[in-house]
Amino acid sequence: MNTLQKLELLGGGTKWDICTPTSKAHAPKNNDSRIGAPYSAGVCRSFTPDGRCVSLLKVLNTNACIHDCKYCMHSTNSKPQTKTQFEPKELAGLFMQLYTRNYIEGLFLSSAVMGNADCAQEKMLETINIIRNQFHYDGYIHLKIMPGSNMNHIKQLVEISDRVSINLESPTKNSFSELISTKEYKIDILRRLRYIQHAKQKQFAPGGVTTQMVVGAAGETDLEYINRMEKLYDDYGVYRAYFSAFDPIKGSPLDQQKGIPLRRENFLYRTDWLVRFYGFEFSEIKKIPGENENLSLSIDPKLALALKTPNRFPVDINHSTEEELLHVPGIGPISAKRIIQKQYNNQKIKNEKELKKIGIRLKQALPFIAINGFSQSRLEAFS
Amino acid sequence: MRNRLRTIERKGDSSLFFASHQLKAFTRFESFPEMLLFGKIASHASFIMNALNFFCYRFPPFVIALYNTPNNRLFVQSKRKDFCYRTIKDFDSSEKALEWLRPLVQKSIKKRLHFGVDWKPEYFERFFETQFIENRKNLRLQKKLMFTNLLDKDSVEFKSLKKFSRTLSNTQLGDFFFSKTPVHTQQQAIQTKKGFLPKNAE
Ligand code: SF4
C-alpha cells in the first residue's frame, strides 16, 4: 500500500478525535537550524466543508486494534477493513513535507492498539524522535496516550510533546464496561491520567492534558458527564474535557443505534464554559439538569440555571459584583468587565441603549436585571 | 484587493491583525531542493513584509520567497547566515522570478534537508477530504472563515467552496416580492394541509 492510500485510511480514522492547537506550546529554541515555531494564536490552515478547521495533520499510526470498543470502526467486532500502518520514517517525512508547505500547523498523532499498548507507544515515539531529532522540528505536537501504557513511555511522550491526551470515552465505570470489555476503566485509563499528572511535576507538555468522551453511546446522563468533568478538573489536573456526540459509524458494532443530537454535545460544552470562563461552581452546574438528570435541549444551560434560582435576581446593574453579573443570561465575561469598569469610574448606566453599547444581549438579560432599581420586565412574564 | 485594504484601514488594528493572520494561514509554498520555499500571494507590501518575517522565523533553514501577483514583485528573505539577500525585485512572471532565484540559492546553500518522502499535491487533498464529517456540516461557517481571494483556484479548498456556493441559492431582491413556487403548487399544498390530496396523487 502506498503512502497516499495509507493517509486516506489512517487520516480518516482520526476524524472523530477532537483536538485544537493551543498557544501553550514549547518555546522554540533560538537556533537557526531548527524548523517550526508554534504561532502564538494558533492559526487555522483550512476549513473542511463541515466548517471545522484543519490545522493539524491528524493521523493514526495504525488502524489494527486488539480492543473491542463498540462505537469504533477499528475494533475487533467491526466489519473487517484493510489494516495498515505507517513506517515511522514515512510518517515523519510526510508530515515535514506538509509542514514546510504551510498546509498544517502541527501534528496530532494517535494510534489503534496493535499487539499491546507499549508496542503502539514505541512506534509513536520512534516517529516523533525522527521528527524532532533528525528533521529538527520544534513546532506543535499533540500525542495520544494509549490506555494501559507504562509509566516510562508516558514520561517520554510527555517530555517530547506539547500536549498529550488520553480518551476517557465514558463518564462512569459501568457505562465504560458496557461499551468496551477489553479495557479496565480504573486501571487502564484513570491510573494513566495519574501517571501523566506525576510526569507533570518534572517536565510537562505545556498544552496540558486533555480528554474526550463519547456522549450518549451507552445511555449516560448529562449529570454523569458533569460529575466526571468536576473530578477531571479538580483531581486529575485535566486542562480540558472534550465531548463528541455519539454518531453511528458504518461498520462499527453500534452502527444501527440512533445518533445523539449535536445540541446535546453543544450544551455540555456550554456548561464546561460556565465553569472555566464564567467561574461557576460545579455545585451550581449540577442543579441545571432536570429530573431525568439530562440538560433540556430547548433551553440554554445558563438560562435554565437562572430560572431555577429566581431569588438571585433582579441584579442591579450599577451596584453588583462581577460574579453576580456573570450569572445573568446575556452577560458574558467581557461585558461584565466593562460594567465593572464603569462602576469604578463612577459612571452610572441609565438605560437599555447604554447596555446594548456595552455588548449585552438585551433580550436575554432584561428579565434578570434592574437599572437604577427598576426592573425592566418580570421573571414571571418570561416563564 | 484595494477595496479590502480600505475596509481594513477603516476598521483599524484588529482587522489588520486578522488580515495578516489569514495571510500566514493560507499562503502555500512550493518547496525546492535548494532549501527554497516559494509562495504566490496577493496583498499589500506591508502585509507581505510582515508575513515574510513570520515565515523566516518559522522556517529558519529555508530561503523564503513571496511573489506578489498583482504587481509581479518578488520578496526574498532568509534567516540563514550564508544567504544574506533581502531583496524586492520586479519580474514579468513568477517563472522568470524562479529562474533568477533558484541558481542564486543553489550557489549559496550547500547543505540540504531531505525528508525521505517525495511530495505529491494529492497528499493534502486526500487528507482534507478524509476529515469531512457529513452530519457536522456547517457550510456557512466554512464560507465565513475561508477567503476565496487568498486561495489558489486549483486548490481542493477552493473547489469545495465553489461546490458549496452552488448548493446555496442566492437571494435576490425579487425573491422578497415574488414567490418562486408556482401558484398551482401552492394551492395544492394548502389543500393538502386542509386534508385534500394534491391532484396528481392517486
Ligand atoms: S482502542 Fe478502541 S477506539 Fe481506539 S482504535 Fe482500538 S477499538 Fe478503536
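In chain B, B:Glu30 stands opposite B:Phe38 in S2(B). This is a predicted model; local features need pLDDT of at least 70, side-chain atom pairs count only at pLDDT 80 or more, while totals for chains, interfaces and linings use all residues. Residues are numbered from 1 along each chain as its sequence is written, chains are lettered from A and ligands numbered from 1 in the order in which they are written, and side-chain values use heavy atoms, leaving out hydrogens and water.

S1(B) pairs with strand S2 (residues 36–41) of chain B in the antiparallel sense, over four bridges. Pairing requires at least two DSSP bridges between two strands. Strands are DSSP runs of E, at least two residues; helices are runs of H or I, at least four residues; both are numbered from the N terminus.

Contact means heavy atoms within 4.5 Å. Axes are lines fitted to C-alpha atoms, for helices over the stretch in contact, and angles run from 0 to 180 degrees between N-to-C directions.

Chain A has its own open sheet. Six strands form it in the order S3-S4-S5-S6-S7-S8, and the pairing is parallel. Strand S3 (56–60) and strand S8 (240–245) of chain A are the edges, each pairing on one side only. Neighbouring strands are turned by 20° against each other on average, direction ignored. Inside the order, strand S5 (residues 140–144) and strand S6 (residues 163–165) of chain A pair in the parallel sense over three bridges. There, A:His142 stands opposite A:Arg163 in S6(A). Helix H3 (residues 117–134) of chain A lies across strand S4 (106–110) and S5 of chain A, running at about 175° to S5(A).

Two loops in chain A deserve a look. Most residues other than glycine have a negative phi, and most peptide bonds are trans. A:Asn102, in the loop between helix H2 (88–100) and S4 of chain A, has a positive phi near 65°. The peptide bond from A:Phe313 to A:Pro314 is cis, with omega near 0°. A:Pro314 is found in the loop between helix H10 (301–308) and strand S9 (315–316) of chain A.

Last comes the ligand. The residues around the ligand, those with a heavy atom within 4 Å of it, are A:Cys65, A:His67, A:Cys69, A:Cys72, A:Ser75, A:Ala112 and A:Lys183.
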